[in-house]
Amino acid sequence: MASLNNQPSKKAIRTPGGSAGSSQGKANSSGQTVKFARRTSSGRYVSLSREDLDMSGELSGDYMNYTVHIPPTPDNQPMDTSVAVKAEEQYVSNSLFTGGFNSVTRAHLMDKVIDSEVTHPQMAGAKGSACMMPACDGKVMKDERGVDITPCDCRFKICRDCYMDAQKDTNLCPGCKEPYRMGDLDDDGPDYERGGALQLPGPDGNRDNMSMMKRNQTGEFDHNRWLFETRGTYGVGNAFNPPEDGGYDEGFGPGSMDATEKAFKPLSRKIPIAAAVISPYRLLIFIRFIVLCFFLHWRVVHPNNDARWLWMMSIVCELWFAFSWILDQTPKFFPINRATDLEVLYEKFDMPSPSNPTGRSDLPGIDMFVSTADPDKEPPLTTANTILSILAVDYPVEKIACYISDDGGALLTFEAMAEAASFADLWVPFCKKHNIEPRNPDSYFALKVDPTKNKSRTDFVKDRRKIKREYDEFKVRINGLPDSIRRRSDAFHAREEMKMLKHMRETGADPLEQVKVPKATWMADGTHWPGTWSVPSSDHAKGDHSGILQVMLKPPSPDPLMGGADDKLLDFTDVDIRLPMFVYMSREKRPGYDHNKKAGAMNALVRTSAILSNGPFILNLDCDHYIYNCKAIREGMCFMMDRGGEGVCYIQFPQRFEGIDPSDRYANHNTVFFDSNMRALDGLQGPMYVGTGTMFRRFALYGFDPPNPDKVAAQKAATAATGDSETQKEPLTAPPAQTTQPLTASELDPDLDTNLLPKRFGNSTMLAESIPVAEYQGRPLADHPAVKFGRPPGILRVPRDPLDATTVAEAVSAISCWYEDKTEWGDRVGWIYGSVTEDVVTGYRMHNRGWHSVYCITKRDAFRGSAPINLTDRLHQVLRAGPARGEVVWHRIGRVVEE
């Protein structure tokens with residue numbers, strides 16, 4: 001990185017905590033040391049750790065305790081947090097976080113991410129007005145629309161650091177010299193009418209993961225605030241919200257939807273195969289089995305005495321092939337088809353109701369993973385198109401979080417993803433406005449059909465022409481990134497050499513001595529790239545670089561943000577212009593550590609997403625597989641949220657490919673496997689996991705068994721019968737009337753000791769606290785008596801907490817190379833290590849614990865990818881998947897072998 005400046009500035013020692021106790025509490029709970037840095041226009045940065053700040057006694061106003069004499073009530077708040085929270089979130093989205101083994105986590109503030117102009121306010125490096133304070137080069141705080149935030153009525157533009165300095169020193173506006181008034185900019189204050197629940201307790205029962213807005217000055221849980229915001233009750237009514245009719249209606253209370261009052265409608269159904277089709281096939285299998293038995297009997301009783309060893313080898317091979325054929329044919333006796341009902345899904349989760357007049361979605365969140373390793377073998381343009389198809393998916397924007405894992409740590413991939421996020425500012429609203437399919441721009445513009453078919457808007461042709469021109473320019477920028485990075489790096493390298501020569505002349509060094517300046521790779525803001533350099537060096541090689549985390553697109557606002565006629569290049573009036581959260585991640589790599597290839601990268605994504613967004617469900621895609629059906633996520637959610645969905649570990653979608661020759665000479669379609677074998681396995685415990693196009697339940701990836709209410713009830717009955725007082729103090733689960741309550745760590749797994757959580761999941765407290773939250777939010781609705789393991793309707797309408805620097809720093813520590821040491825990651829938790837086919841082993845481990853999976857075939861292909869175009873690649877793919885069959889039988893993953 002750039003050399004350190006010896007004179008730390010005022011901005012260097014500013015801590016980015018958004019609330020007084022929240023950031024400090026998280027820092028203490030995680031033990032994470034964060035060093036915050038400010039990049040200057042010359043490319044240098046200065047940094048100072050928070051521990052140094054504590055030792056110096058010059059605490060920021062964010063970390064100072066305060067006292068008030070008036071109790072905190074919704075009408076009388078002790079401090080205004082709206083500006084601080086917005087500034088904190090803006091700081092996080094504009095910072096590149098790095099860290100790793102034996103290194104301090106740093107947040108590098110970036111004023112520029114890519115060379116091209118960035119306009120979307122959610123994106124890192126978005127343009128903004130300059131601070132009006134003298135000698136300050138910071139940017140003014142912005143809201144969701146990118147409009148400048150001015151904390152004072154005089155409209156004096158001020159950046160985050162200067163605003164916090166002014167509040168700390170005199171609380172006077174530098175422009176008009178008047179005191180700042182609290183609550184002036186509280187546009188996004190809590191919506192007390194929306195109902196909902198607070199965050200859930202952690203594994204040890206504490207509530208440190210709750211927002212500071214639910215705590216009082218002493219850091220204790222504020223019950224009054226909780227009662228007001230959740231409209232909760234102690235018995236009947238409370239002081240803030242007394243019921244008008246003297247009591248609440250039956251059901252889940254005032255925060256519930258009207259789902260319980262409607263007739264129960266299933267979200268999915270099984271469609272059995274017609275008897276006229278399946279009966280002849282079963283008869284054919286039986287006839288083949290009889291013929292095979294006769295053939296094997298004849299082969300055994302008629303040995304070849306002239307070549308007995310050759311005869312014995314052939315008998316063994318034929319017996320093995322016969323055994324494999326029987327295993328392959330047995331599931332085909334019970335194939336099934338499935339169908340979903342998206343209209344019922346909308347009625348249950350998205351339809352406006354008296355308790356939800358704005359129609360805020362109650363669907364659970366989903367984190368989407370894309371993995372790439374080498375930009376030379378996996379073109380960045382293909383990966384960028386995959387990201388664009390994810391960002392434009394038809395699902396509530398605030399519920400989506402997209403993560404990309406760059407295992408190569410290449411600046412080319414980083415800037416390509418930043419370009420994709422910038423182009424999404426136009427592409428995503430365009431897809432929503434005109435209902436575009438597919439939402440991969442490269443595939444959409446390559447369609448050989450009439451683009452105006454089924455389009456009713458009169459401005460479609462004009463919009464399509466403009467967006468096509470923008471996409472062509474986007475492709476040129478992506479394809480020109482390698483040369484752009486090389487020219488930029490050469491220019492900065494020449495500048496550094498000139499500085500070194502000047503320094504040598506001033507110090508009187510030997511002029512004939514060769515100048516030694518590392519050939520670094522430089523970012524657009526004029527600083528060293530912390531990942532892999534074009535010319536590898538120490539700490540900057542493919543297998544030796546720091547962990548990198550960049551929030552490309554910060555989390556969107558919870559409510560729709562409609563565009564206007566003059567906001568963008570296109571007219572987006574009445575179109576939601578928000579973009580989903582998008583995060584770039586490159587895990588730390590060091591020599592001497594086994595990084596476990598793709599499985600290790602996926603586990604790093606699981607930990608990072610658990611800390612940042614914690615979606616109860618995970619969708620993983622290869623970088624060359626994109627979303628072809630924008631409603632595919634909703635189709636999969638129909639199975640997860642249906643009755644009995646709490647026992648589904650993953651939804652497997654079939655793999656479909658493009659670019660295959662008409663004769664399919666290399667059998668890339670895999671018709672027998674995806675349309676026959678997988679459909680047959682769906683009739684049993686479920687299909688196997690094939691590596692991509694899979695929607696996981698996060699709780700199942702953590703290595704827990706599926707919920708079993710009957711088993712829990714039997715254990716409680718046995719406990720009550722024995723009268724064991726010690727076990728009665730900590731029951732395994734709640735009574736039947738409280739089955740919708742969140743579980744503690746001991747209830748999630750009776751054999752799990754809460755003191756041994758670090759041994760299983762690592763030493764991240766935030767990760768451990770996220771586990772019961774993900775389990776609870778991933779349950780189906782308890783809208784039917786048969787749903788014994790559900791959640792109340794309406795609790796997921798509450799917006800997620802904004803990101804702060806401490807949370808992102810915790811995620812950086814979770815992707816370090818040492819984090820998995822002496823834990824169960826890769827053994828019991830996450831993707832399984834030690835296998836060439838980690839996908840198959842991971843899926844069967846879940847089946848072994850009692851989970852079942854579902855095969856979802858949609859009318860329109862859910863995902864499409866690129867198939868091997870030559871025989872060499874196809875054979876390599878087949879040879880890689882071949883050992884999976886042997887591992888299924890001989891590895892300790894089958895139920896029989898395991899027991």
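Residues are numbered from 1 along each chain as its sequence is written, and side-chain values use heavy atoms, without hydrogens and water. Because the model is predicted, local features need pLDDT of at least 70 and side-chain atom pairs count only at pLDDT 80 or more, whereas totals for chains, interfaces and linings use all residues.

Helices are DSSP runs of H or I with at least four residues, and strands are runs of E with at least two, numbered from the N terminus. Not counting residues up to four places away in sequence, the contacts of Trp-427 include Leu-388, Ile-436, Tyr-444 and Phe-445, where contact means heavy atoms within 4.5 Å.

Helix H14 (residues 597-612) has 14 of its 16 residues buried; buried means under 20% relative accessible area, exposed over 50%, and partly exposed in between (1.4 Å probe, protein chains only). Asn-614, which follows H14, has a positive phi near 55°.

A search of the whole structure finds 37 salt bridges, each defined as a side-chain nitrogen of Lys or Arg within 4 Å of a carboxyl oxygen of Asp or Glu. One of them joins Arg-791 and Asp-362 at 3.3 Å, N to O. The two residues of this pair are 429 residues apart, Arg-791 lying in the loop between helix H22 (765-777) and helix H23 (805-814), and Asp-362 in the loop between helix H8 (342-349) and strand S7 (366-372). Arg-791 is buried at 0% relative accessibility, and Asp-362 is likewise buried, at 0%.

In another salt bridge, the closest N and O atoms of Glu-437 and Arg-860 are 3.7 Å apart. This pair also links distant parts of the chain, 423 residues apart. Glu-437 is partly exposed at 22%, as is Arg-860 at 28%.
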